[in-house]
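Me: Can you walk me through this structure? I would like the overall picture and then some residues.

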Amino acid sequence: KKSGKLFGIKEILKKTGIKKENLMVIGDTELDIGIIKYASVGVAMGNASQRVKDSANYVSSDNNNSGVPKAINKYILEPLERT
């Protein structure tokens with residue numbers, strides 16, 4: 001119970017005071033489904049299985065096509081530019 005990605009993320013949030021509403025996670029394996037569903041914004045990489053993609057708010061490109069930077073741009077940088 002006290003291991004795994006979800007446990008680790010919850011501990012980091014608790015220790016840093018960061019709110020779940022400000023959490024974006026990016027994953028590509030079935031082990032990431034829990035954190036993708038938990039986060040305010042859950043992103044699946046383009047190379048992920050359909051099950052992982054179905055659990056996400058957004059599906060980005062794969063790593064070979066800048067999937068992580070695209071997600072960061074969409075959910076962090078573009079909203080900052082609008083303020």
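This is a predicted model: local features need pLDDT of at least 70, side-chain atom pairs count only at pLDDT 80 or more; totals for chains, interfaces and linings use all residues.

Me: How many helices and strands in the protein chain?

Reply: The protein chain has 4 helices and 3 strands. Helices (H or I, at least four residues) and strands (E, at least two) are DSSP runs, numbered from the N terminus.

Me: And which pattern do they follow along the sequence?

Reply: The pattern is α-β-α-β-α-β-α. The protein chain is as compact as a globular protein of its length, because its radius of gyration is 13 Å, close to the 12 Å that the globule rule gives for 83 residues. That radius is taken over C-alpha atoms, and the rule is 2.2 Å times the number of residues to the power 0.38.

Me: What box do the C-alpha atoms fill?

Reply: Roughly 35 × 35 × 20 Å, taken along the principal axes.

Me: What share of the residues is buried?

Reply: Buried residues are 27% of the 83 in the protein chain. Buried means under 20% relative accessible area, exposed over 50%, and partly exposed in between (1.4 Å probe, protein chains only).

Me: Which residues make up the largest nonpolar core?

Reply: There are 12 residues in it: Ile9, Leu13, Leu23, Val25, Ile33, Ile35, Ile36, Ala39, Ala44, Ala48, Val52 and Ala56. Helix 1 (5-16) and helix 2 (33-38) are the elements that give two or more residues to this core. Helix 2 gives the most, with 3 residues. A nonpolar core here is a set of buried Ala, Val, Leu, Ile, Met, Phe, Trp, Tyr and Cys residues joined through side-chain atoms within 4.5 Å.

Me: Pick Val52. What is it in contact with, leaving aside neighbours within four places in sequence?

Reply: Val52 is in contact with Gly27, Asp28, Thr29, Glu30, Ile33, Ile36 and Ala44. Contact means heavy atoms within 4.5 Å.

Me: Changing topic: is Asp32 buried or exposed?

Reply: Asp32 counts as buried because its relative accessible area is 5%. Asp32 sits in the loop between strand 1 (24-27) and helix 2. Apart from neighbours within four places in sequence, its contacts are Lys5 and Gly27.

Me: And Lys2, buried or exposed?

Reply: Lys2 is exposed, at 71% relative accessibility. Lys2 belongs to the segment before helix 1. Its C-alpha atom is separated by 15 Å from that of Leu31, 29 residues apart along the chain.

Me: Where is Gly17 found?

Reply: In the loop between helix 1 and strand 1. Gly17 has 57% relative accessibility, so it counts as exposed. From Gly17 to Thr83, C-alpha to C-alpha, the separation is 24 Å in space and 66 residues in sequence.

Me: What about the phi of Ser66?

Reply: Ser66 has a positive phi of about 60°, although it is not a glycine. Ser66 lies in the loop between strand 3 (58-59) and helix 4 (67-82). At 38% relative accessibility, Ser66 counts as partly exposed.

Technical notes. Residues are numbered from 1 along each chain as its sequence is written. Side-chain values use heavy atoms; hydrogens and water are left out.
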